[in-house]
Amino acid sequence: LVHETPGGASAVAPLAAALAVDRVVYVPDLPGTGESDPLSTPDVDAYVDALRDVADSLGLARFDLVAEFTAVPLAIELARQWPD
């Protein structure tokens, strides 16, 4: 689950809880939000790279991706770059 920007993972806690009824849900803080470190150059590709790093570190080869509001372009770009 990708939260809107600016914002943080805590802002989507109710949605995450609803989705977690029948699946594992991860909601990372995007760089520069919540408790994460900021990006030196905040752009779509940098955010997408950060999300890919999270998925890789969790060992997620395939996953459902849910995004809200301003995070939708990030999710679309992540899916475009990593269609599997």
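Predicted model: local features only at pLDDT ≥ 70, side-chain atom pairs only at ≥ 80, totals over all residues.
1. Buried means under 20% relative accessible area, exposed means over 50%, and partly exposed is in between, with a 1.4 Å probe and protein chains only. At 11% relative accessibility, Leu1 counts as buried. Leu1 belongs to the segment before H1.

2. Residues are numbered from 1 along each chain as its sequence is written, and side-chain values use heavy atoms, with hydrogens and water left out.

3. Helices are DSSP runs of H or I with at least four residues, strands are runs of E with at least two, and both are numbered from the N terminus. Helix H1 covers 13–19 and helix H3 covers 72–81. Helix H2 takes in residues 44–58.

4. The largest nonpolar core has eight residues in all: Val2, Leu30, Tyr47, Val48, Leu51, Ala71, Leu74 and Leu78. H2 and H3 are the elements that give two or more residues to this core. The most comes from H2, with three residues. A nonpolar core here is a set of buried Ala, Val, Leu, Ile, Met, Phe, Trp, Tyr and Cys residues joined through side-chain atoms within 4.5 Å.

5. How many salt bridges are there by this rule: a side-chain nitrogen of Lys or Arg within 4 Å of a carboxyl oxygen of Asp or Glu? The count comes to three.

6. Asp22, Arg23 and Asp64 are linked in a network of salt bridges. Asp22 and Arg23 meet at 3.5 Å, N to O, and Arg23 and Asp64 meet at 2.7 Å, N to O. Arg23 lies in the loop between H1 and H2, and Asp64 in the loop between H2 and H3, so this pair ties together parts that are 41 residues apart in sequence. Asp22 is exposed at 60% relative accessible area, and Asp64 is exposed at 59%. Arg23 is partly exposed, at 42%.

7. Glu77 forms a salt bridge with Arg80, and the closest N and O atoms are 2.6 Å apart. Both residues lie in helix H3, three residues apart, about one turn of the helix. Is Glu77 buried or exposed? Glu77 is buried because its relative accessible area is 16%, whereas Arg80 is exposed at 56%.

8. On the surface, Asp43, Asp45, Asp49, Asp53 and Asp56 gather in a patch of negative charge. One of them, Asp49, lies in helix H2 and is partly exposed, with a relative accessible area of 41%. Patches are made of residues with over 30% relative accessible area and no salt bridge, with like charges joined within 9 Å and nonpolar side chains (Val, Leu, Ile, Met, Phe, Trp, Tyr) within 5 Å. Asp and Glu count as negative and Lys and Arg as positive, while His and the chain ends are not counted. The place of a charge is NZ of Lys, CZ of Arg, CG of Asp or CD of Glu.

9. Val24, Tyr26 and Leu58 make a nonpolar surface patch of about 280 Å². Accessible areas come from the Shrake-Rupley method with a 1.4 Å probe, and for residues only the protein chains shown count as cover. Val24 is in the loop between H1 and H2 and counts as exposed, at 62% relative accessibility.
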